[in-house]
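Here is my note on the model, as numbered points. Please read it alongside the structure.

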Amino acid sequence: MCRSACVGLRAKGNNATADFLGMLHMTTTALPPPPTAPDAPAFLTPALDNWRGAIAAALVLSVIAIAALPAAAAFWTVGALVALVAATFVVNAFRRHYYGGLLVAPAIAMLFVMNIFPLLWSLGLSFFAYQSNRQTMKFVGLHNYIQALTSDIKAPENWANLQTTAVFVVCTVAAQMLVGFLLALLFAKQFPLRRYLLILVLTPMMLSVVAVGVFYTYYYDPTFGLVSQVVNRMCGCQYVLMSNRAGAIGGIVFADAWMWSPFVMLLVLAGLVSVPKYLYEAASIDRVSSWRSFWTITFPYIRGLLMLALLFRTIEAFKLADLVILLTKGGNGTMTISYHVLRIAQEQNKTSEGAALSYLLLFVVIVLTNLYLYVANRRSQEA
Amino acid sequence: MSTIELRKLTKAFGSFVAVRDADLSVSAGEVVCLLGPSGCGKTTMLRMIAGLERATAGDVIIGGKRMNELPADQRNIAMVFQFYALYPALTVGQNIAMPLHYEKLSPADSSARVKRVADILHLTTVLDRLPGQISEGEKQRVAVARAIVRDPNCFLFDEPLSRLDVELRHTMRSQIKEVLQGLSKATVIVTHDQLEALTMADRIAIMRDGSIEQVSTPHGVFARPANVFVASFIGTPQMNLFEADLKASAGGTADVTFGGAPLRLQTDPAVGRLAPASKVTIGVRPRGLTPVSLAAPDTITTAAELIEPMGAETLIHVRGPNKSDLRVVVPREKRVAIGEALHLRCDPRQTHVFDAQGQAVRT
Amino acid sequence: MKWQTKLAATASAAALAMTMGVAITPASAADVVLKMAVPDWPPTRIMKKFFDEQYKAPSGNKVILDVDFIPWPDFYTRVNASLTSGEKKYNMSVADSQWLGAFVEGGYFRKVNDYIDADPGLKATMAEIHPAFYDAYSTYPYKSKNIYGFPQFPDVLVTYGRKDILCNDDEQKNFKAKYNTKLPCTGEEMDNIDWTLFQQIGEFFQRKKGDMLAGKPADDDFYGIAYQAGKGYDFASMQINGFIWQAGGDIWDETKAPNSHAEGVVNSPAAVGALDHYLSLLKYMPPVVKTGTMDIFKSDELFREGKVAMNIDWIGLGEASLDPKTSKVSDKLVFGMTPGTRGADGKMIRWNNLGGQPFVLMTWNTDLQNKEGMDFVKWWLSPAIQNEFAAGGGQSAVKSVYTDAKYNSYRPWNRAWAASLDWQKDVWHVPPFFDLLTQQQDQFDLAITGKQDAKTTLNNVAKYQENLLKEQGLIK
Amino acid sequence: MADIITKTPIWEKLGFRKASGVSEAGWGHTALAAIVSLIYFFPVLVIIITSFKLQTDALAVPAKLFPTSLFGLLPESMTFKPTLENFTSVFSRAFTNGGAVENTGFDRFFFNSLFIAGTSVLLALVIGTLAAFGFSRYPLKGNDTYLFIILTTRMLPAVVVIIPVMLMLRVVGLSGSYLGIILLYTAFNLPFTIWMMKSFFDELSPDVEDAARIDGSSDRRVFFKICLPQVLAGLAATFVFGIILTWNEFLFALLLSSVDTRTVPVAMSQAVSGGGIGVLWGLLAAIETLFLIPVFLVTFFMQNQLLRGVTFGTVKR
């Protein structure tokens, strides 16, 4: 029984991703190896579980189909071949008792069809000059990427939008983490009516983004808005929140943080209530100060969740576009890179350019995520 | 001054009373075990002493000071939890050092203290490991180490040995006892294992349904149980208890009817104060019954039903009058066949009479 | 077995429901279905209603107009995605006039010259459409002979006014005293407003809460004028174009491509002056203008809530002002043409950007669908239906309809309608229309929120347009 | 042997002193939490209040926040007369000035939202639970890397995948159908479903399963009879979490739904544009209020399971 040893070994690996997951205490339970199975069929045997053969055959046939058949027929042919290969995998797994593979297969298939395949498609598209409203396509290699990074018209705009996005990411994630954390502390006790008050705080994230955006324009409106009315009453002046960049960013950050702090709160609270009570009792007997007991007992319990919340919210913050569209239309220096991509790919139909920019953005996100995982992991190993 | 005194301590959770009017005092250097079946309120009582629960009524006095209102961290006590409550994110060494932060020792002093208790408890080799990486026995010792690393008013142990296997339990028992003897602090240990209580305690408080039934030395609770509950709870094999009608009693001799058959017993003279014809419960330890060859007025006539060799001795289950089950322990040499008639004589020193209310009748 | 049974039951129920969803009852073989994407608002709702109640296909086929009412904010996104993904879902669609190029070049919108040539009646109807709208809605390239679209809801900008404020005796007297001009009060007087007078009205009616307004203390801050100055879609451009044309400047002229340029035209001194003029009026408008979000809806909302005396907006938004449920000023309305620029000779120079939407047919329709579609167009543009449409709150660009005397009685703003038609122009229809527009809107927004001056703004716009148009091969 | 004992949370099995850091607090804390919660809830409250207002009341300055004057306690300018008109307008109203009252289709849209969100979350739960069990009990080489890749599928802006997805659905004839959008949402929900459910399976004591196997249970029986019943709370938590995230999805719903399969967030724009005249505040608020009710109730009744479930396996219990 090597369970904890296995986990320990893996957690000491160098791969940051695996370490992160190890840090999250993702334990895996190994089963004894399955009973002996029939040997795999030889490469050239036409058996239904000969997946190697199937892949080779499918590759060859696909290339022929794409070259020879009209687009629609080729699509179906390739689709059928992919299905065949998948079928051989399943049959193979079944015959050799790879239950893990069988269990995971539907999910992988679903993700492949609905997520990974479209992603690869648009990755391919990013190497072409293609505008979706004009049905011509030309291979241009890295042109779209180079343009996005060096063109003297596009590059500065992309760079400025990325900087604005960075401001949003930092502000809104910081605000969400802080507010979510404080709210979680508030609710990490058992008190009368807790159930009813907690749901009130959770409500904002259940609202539709459209309604939130539209209603925040109403709250911020200089004439009709509640915020302006209150401030006008207090200062006797004309208060226009969104009239400058700081105000506009602040307004959007406030709305976004208001909506998503409950998400952070939910995760942190889940961590807080799972700290065993007897640890706090031991700490109070040992006369540990509350500050110290927070860092030595509470924090280790919620650290994984805080990081997860940070990761989720950072990814989402990079995608921030809807509230910007609804509140400022990107005006007053609030244009984010995601909204920019949306405009390019959706409004202006520059599909391949949008795809290229998206992949550059994905690259930034992945680099940042891995950097963050690396740092998080280092910290967790030190502790 | 390291003493604990409880006065009329009561704890109620809603309508359920977990501890009722408990009186107990533990003097410096004394080890008192709270012993009782599950749910008898012993852990609640310990948590009230620790300050983890607030008493509904009564007083907790530690070191001569009333502590009712003080939270746990201001009572200056040390406690070992049932599940050890080791801080999972800290190493063994950091765990042990945790209570020392309050005393603001220099790092050198602090590590010296940790080193010393680690030596005592043989933990030196695991100081850098995390609690998840050490064995149960080591965890137990870490928990004890964390308690003794400082100089508290008193020690509290909550079922300290319950998660260890039999062998480990045995060694830990003596280790803990050894450690405690050198400290001269008031110590309270909660346990449901009478062997643990009998071996470790200076005195034992036996609890049932929230009340303390008897407080006495290990010898006291065994030899002079205060009531039927204590008599039945302490001692293995369990004491034989049977109901009888008292006919007459005078000068340490009592005539009773047990299942229709008359029986003459040597008892405590105090039995004479009981009204004649009252119901009593007679308790005789299994080792206090001796088979004799002939029936006599002072013997009980029974038949052997089940024989369990226990090594040095043999436990025999016998069928007595009125279909009662009795247990007899005889020396190994004594051979008994199943179905054989046995005439049992009661050893007066191991015979107890309890009145109709279950209280022992003694001078 | 309990678990598995439940699972199987749930799965089969879900599958059944899905199959039902997939099998949306198809029309029977003899029917012709025209699937049409339209924005969800009264003009299209009325069209659908008329069709269902009155339309009988001359061919005798049973024609079903299957209308997908899409809320305005998502209309473009939805239609664009549907077209460009190759979904081929719609047979007809309402489009903005500017979208023509973008979707004609990609082969989505069908050229309908063949059908029109084959039908003299329809040809005559087309000739009846006011040339400004015919050019903007039907032709691509702009003002060429290729016909693609037909007016669904033709629209122009008009000035909305508050009678109770403008005609108040005190206000009239004070205005006269201050500017030595009559404060316009009737529709005819409003027709004659130039930008100078418009500015004076803006300056005159800046009232704080509690100041006297039309003989009563104002219950909230009050402003004289408003027009669109929003960053969204085309909101600022539609107004600024009018200013530029009136000042003798121009936007990039697609009809003269490939020899026309953006550089030197878009940022000509006249254009810069016009933009400056436009910006100079913003300070008299409600404070929301400072945020760059005062679009046509916001200024209309402010007007309906009684916060401004005069608002320049599309006729298409007018119905809400008339409805007491959505308007506090429903009984105090007066309408006039939009302001012009007074030339040196004292004559008014007028230009404006037209609005509204055409509708088009798609290239993948069957011949039968196209034929039924064209019959539907012919019916729609027939004077009787156009009259009924106008009476129900629509507008008509068909001459025999809008010149009819009863036309003006349909709605209070119709008086200003026919008079405005002759001086309407449209923005670009070229395929990269959205590139041109978004960049220009971004730049205008910077100017409106006070981050850069008019000259920089138009220089940036010109530079970008010149570059883009060259890149796309539209100019040399 | 020792480490097996460490992994078994005895206190939970014994059923007493449950692992819980929740300490007791009194009414004083309730008061504090109530103040904070109400301030936090205030913007939602305004939306709910607005749903009872007519358009002109909704935009009144100063804002009218109270539906009653409390027997003359509040000035007239701060009160409005509540009306249910917005709620009836959600389902049927006249689209043209003075026109006939028509069905808005919102009954269908609400059904669509419920059906699509419910089905796709359940489907993701079925597929995701199987996969989570696979990942948990039959770890592959580089297991964690696969899990991470699954998570990264949510990092890209949605706009990148939408065009290929639309094309694909059109090719297989599913565009605008329930099945198409449900499959997409299922894929959308799968990553965190797998993550959450895996954490629950990881938490289970393997001893019980081993015992069941020794007693002769098949793998399938172990899964259905031993494992699933133990993670019911986890299934509930994952369900609620999925519902919260799916309920409001906008972009995919906009582009993939037809008239018959349109969901409420998309149809909500009816009130945002108000038929081309700008926002109909009362109507929008009424739609949002109605739209909030189902997910609010689900979350309310399952909040304890939700709190237990969203730890994503980061906390050892």
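**Notes on chains B and A**

1. Chain B has 8 helices and 20 strands. Both are DSSP runs, numbered from the N terminus: helices are H or I with at least four residues, strands are E with at least two. The model is predicted; local features need pLDDT of at least 70, side-chain atom pairs count only at pLDDT 80 or more, and totals for chains, interfaces and linings use all residues. Residues are numbered from 1 along each chain as its sequence is written, while chains are lettered from A and ligands numbered from 1 in the order in which they are written.

2. The C-alpha trace of chain B spans about 75 × 45 × 35 Å along its principal axes. Of its 363 residues, 43% are buried (20 or more other C-beta atoms within 10 Å of the residue's own, with C-beta atoms placed from the backbone).

3. Take the contacts in chain B with a separation of 6 or more: 65% of them join residues 24 or more positions apart. A contact means that two C-beta atoms, placed from the backbone, lie within 7 Å.

4. Chain A divides into domain 1 (1-34), domain 2 (35-146) and domain 3 (148-382). These bounds come from an automatic or database domain assignment. The C-alpha centres of domain 2 and domain 3 of chain A are 38 Å apart.

5. In chain A, 13 residues of domain 2 are in contact with 12 residues of domain 3. On the domain 2 side, α5 (99-125), β1 (128-131) and α6 (143-150) of chain A each supply at least two residues. β1(A) gives the largest share, 4 residues.

Note on methods. Buried ≥ 20, exposed ≤ 12 C-beta atoms within 10 Å, placed from the backbone.
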